[in-house]
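User: I've got a model open and want a quick tour. Can you take me through the pockets, the core and a few residues?

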Amino acid sequence: MNESPILGTINDIFGSKEVNPNEYSPLALAFIGDSVFDVVIKSVIVEEANCQVNKLQTKTSKIVRATSQALIVDALKDELTEEEANILRRGRNAKPYTKAKNASYSEYCKATGLEALVGYLYLKGETERLVSLIRTGLEKAELTI
């Protein structure tokens, strides 16, 4: 298993051990995946438009919300390996502790599945794959940044 460069640096500096993403619950994977997804989207948005922070936030929130993430999940159905589809399904089927805001329960569950997959790929060190899937999902769902 390869660590992502940032995770390797974090582990080195904090003295943490390498993690096995298979040992984490789907909601723990979604917890880290939510932040990783956010960083990927914000990185793309900042690179494309250095503008006022409120405009950056508006663009970001259109993509990182559950309704958009659910569209990405639907768009990625044929792109996932069996392993990735299993992780996404585990995340989707996990029982969240919070209620969905501004999204249906189904959309919220799909978004949790996507975040679990992103967290899993991040912890596995498969950064290129996770970024590629996000880009493909955005394109297929016709979501523009």
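User: Start with the second largest pocket. Which helix gives the most to its lining?

Analyst: H7 does, with five residues. H2 and H7 each supply at least two residues of that lining. One caution: this is a predicted model.

User: How much space lies in it?

Analyst: About 220 Å³ lies in the second largest pocket. It has 13 lining residues, and the closest to its centre are Val44, Ile134, Arg135, Leu138 and Ile145.

User: How does that lining divide into nonpolar, polar and charged?

Analyst: Eight nonpolar, one polar and four charged.

User: OK, what volume does the largest pocket have?

Analyst: About 410 Å³. Its lining has 16 residues, with Asp34, Thr98, Tyr108, Thr112 and Glu115 the closest to the centre. H2, H4 and H6 each give two or more residues to this lining.

User: And how do those lining residues divide?

Analyst: Nine are nonpolar, three polar and four charged.

User: Is glutamate 115 buried or exposed, and why do you call it that?

Analyst: Buried, because its relative accessible area is 12% and the cut-off for buried is under 20%.

User: What is it in contact with?

Analyst: Setting aside neighbours within four places in sequence, glutamate 115 contacts Leu29, Ala30, Gly33, Asp34 and Gln69.

User: Switching to the core. Which residues touch the most other members of the largest nonpolar core?

Analyst: Phe37, Leu130 and Ile134, in a core of 32 residues. Two or more residues come from each of H2, H3 (53–64), H4 (66–75), H5 (82–93), H6 (105–124) and H7 (127–140). H6 gives the most, with eight residues.

User: Ile134 keeps coming up. What does isoleucine 134 touch?

Analyst: Phe37, Val40, Ile41 and Val118, leaving out residues up to four places away in sequence. Ile134 is also among the residues closest to the centre of the second largest pocket.

User: How many cavities of 30 Å³ or more does a search of the whole structure find?

Analyst: One. The largest cavity holds about 30 Å³ of space. Leu76, Leu114, Leu117, Val118, Leu121, Leu130, Leu133 and Ile134 line it.

User: Which helix gives the most to that lining?

Analyst: H6, with four residues. H6 and H7 each supply at least two. The lining divides into eight nonpolar residues, no polar and no charged.

User: Last one, glutamate 18. Where does it lie?

Analyst: In the loop between helix H1 (5–14) and helix H2 (26–48). Glutamate 18 is partly exposed, at 43% relative accessible area.

User: How many Å apart in space are glutamate 18 and threonine 136?

Analyst: 29 Å, C-alpha to C-alpha. In sequence, glutamate 18 and threonine 136 are 118 residues apart.

Note on methods: Residues numbered from 1 in each chain as written. Predicted model: local features only at pLDDT ≥ 70, side-chain atom pairs only at ≥ 80, totals over all residues. Heavy atoms only, no water. Buried < 20%, exposed > 50% of the residue type's maximum accessible area, 1.4 Å probe, protein only. Core = buried A, V, L, I, M, F, W, Y, C linked by side-chain atoms within 4.5 Å. Contact = heavy atoms within 4.5 Å. 1 Å grid on protein atoms, 1.4 Å probe; cavity = no way out; pocket = protein on both sides within 12 Å on 5 of 7 lines; lining within 4 Å. Points joined across faces, edges and corners; volume = space filled by probe spheres on them. Nonpolar A, V, L, I, M, F, W, Y, C, P; charged D, E, K, R; others polar.
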